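Work through these exercises with the sequence and the coordinates open. Try each task before reading its solution.

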Amino acid sequence: MLPNAGVYYFPWEINSSVPEGEALRTFGRLSCYDLARSEAILSAQHSEAQHRVRVDTRLVEPFEAQLGSLYMVLGEAEHREVIKARILTCVEGMNVPLLEQAIQEQRKYFSERQQRMGTDTS
């Protein structure tokens, strides 16, 4: 059986309220990579705040870390606000505002579809 595709979360939405084991996707600039600890830090700016996401990289090593480049991660939420990466891909050059807009549109579509399904079963 294949794992879930993963729900998109913005880096500033990832915190202890994301259920442990939930498949998720997010993105950010690689600001730190510690090979000895198998941990990467992705950073993203939102409003006035800088947000950081810790990524466990044991399942995707070895990979060529390019500090400062944009990365997208698919994995599972773990305790202490860590993502256990299944896929960690450099997506440098991707249009981040367009990605954010696409995520919002996807959420809107899924919400509307859920509402329609709820009214169809009534």
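**Exercise 1. Aromatic pairs**

How many aromatic pairs does the count come to? Classify two of them.

Solution. The model is a predicted one.

Step 1. The count comes to five aromatic pairs.

Step 2. Take Phe 10 and Phe 27. Their ring centres are 6.4 Å apart, and the planes make an angle of 90°. Planes over 60 degrees apart count as edge-to-face, and this pair is edge-to-face.

Step 3. Phe 10 sits in the loop between strand 1 (7–8) and strand 2, while Phe 27 belongs to strand 2. They are 17 residues apart, so the pair links distant parts of the chain. Both Phe 10 and Phe 27 are buried.

Step 4. Turn to Tyr 109 and Phe 110. The centres of these rings lie 5.6 Å apart with the planes at 55°, so the pair is tilted. Tyr 109 is partly exposed at 42% relative accessible area. Phe 110 is partly exposed too, at 39%.

Step 5. Look for a cluster. Ring pairs link Phe 10, Trp 12 and Phe 27 into one.

**Exercise 2. Salt bridges**

How many salt bridges does the count come to? Locate three of them and describe their partners.

Solution. 

Step 1. The count comes to seven salt bridges. The cut-off is a nitrogen-to-oxygen distance within 4 Å.

Step 2. Glu 92 bridges to Arg 29, with the closest N and O atoms 2.8 Å apart. Glu 92 is in the loop between strand 6 (82–90) and helix 1 (96–120), and Arg 29 is in strand 2 (residues 23–34), so the bridge ties together parts 63 residues apart in sequence. Glu 92 is partly exposed, at 46%. Arg 29 is also partly exposed, at 35%.

Step 3. Arg 86 and Glu 76 meet in a salt bridge of 2.5 Å, N to O. Arg 86 lies in strand 6 and Glu 76 in strand 5 (residues 70–78), so this pair ties together parts 10 residues apart in sequence. Arg 86 has 25% relative accessibility and counts as partly exposed.

Step 4. Check for shared partners. Salt bridges join Arg 37, Glu 39 and Arg 54 into one network.

Step 5. Glu 39 is buried at 15% relative accessibility. Arg 37 is exposed at 56%.

**Exercise 3. Backbone exceptions**

Which residues does a cis peptide bond join? Then examine the phi values of Ser 38 and Ser 47.

Solution. 

Step 1. Most peptide bonds are trans, and most residues other than glycine have a negative phi.

Step 2. The cis bond joins Glu 61 and Pro 62, with omega about 0°. Pro 62 is in the loop between strand 4 (49–56) and strand 5.

Step 3. Ser 38 has a positive phi, near 55°. Its place is the loop between strand 2 and strand 3 (39–46).

Step 4. Ser 47 also has a positive phi, near 55°. Ser 47 is in the loop between strand 3 and strand 4.

Step 5. Is each serine buried or exposed? Buried means under 20% relative accessible area, and exposed means over 50%. Ser 38 is at 11%, so Ser 38 is buried. Ser 47 is at 62%, so Ser 47 is exposed.

Technical notes: Residues numbered from 1 in each chain as written. Predicted model: local features only at pLDDT ≥ 70, side-chain atom pairs only at ≥ 80, totals over all residues. Heavy atoms only, no water. Salt bridge = Lys/Arg side-chain N within 4 Å of Asp/Glu carboxyl O. Helix = DSSP H or I, 4+ residues; strand = E, 2+ residues; numbered from the N terminus. Buried < 20%, exposed > 50% of the residue type's maximum accessible area, 1.4 Å probe, protein only. Phe/Tyr/Trp six-rings, centres within 6.5 Å; stacked < 30°, edge-to-face > 60°.
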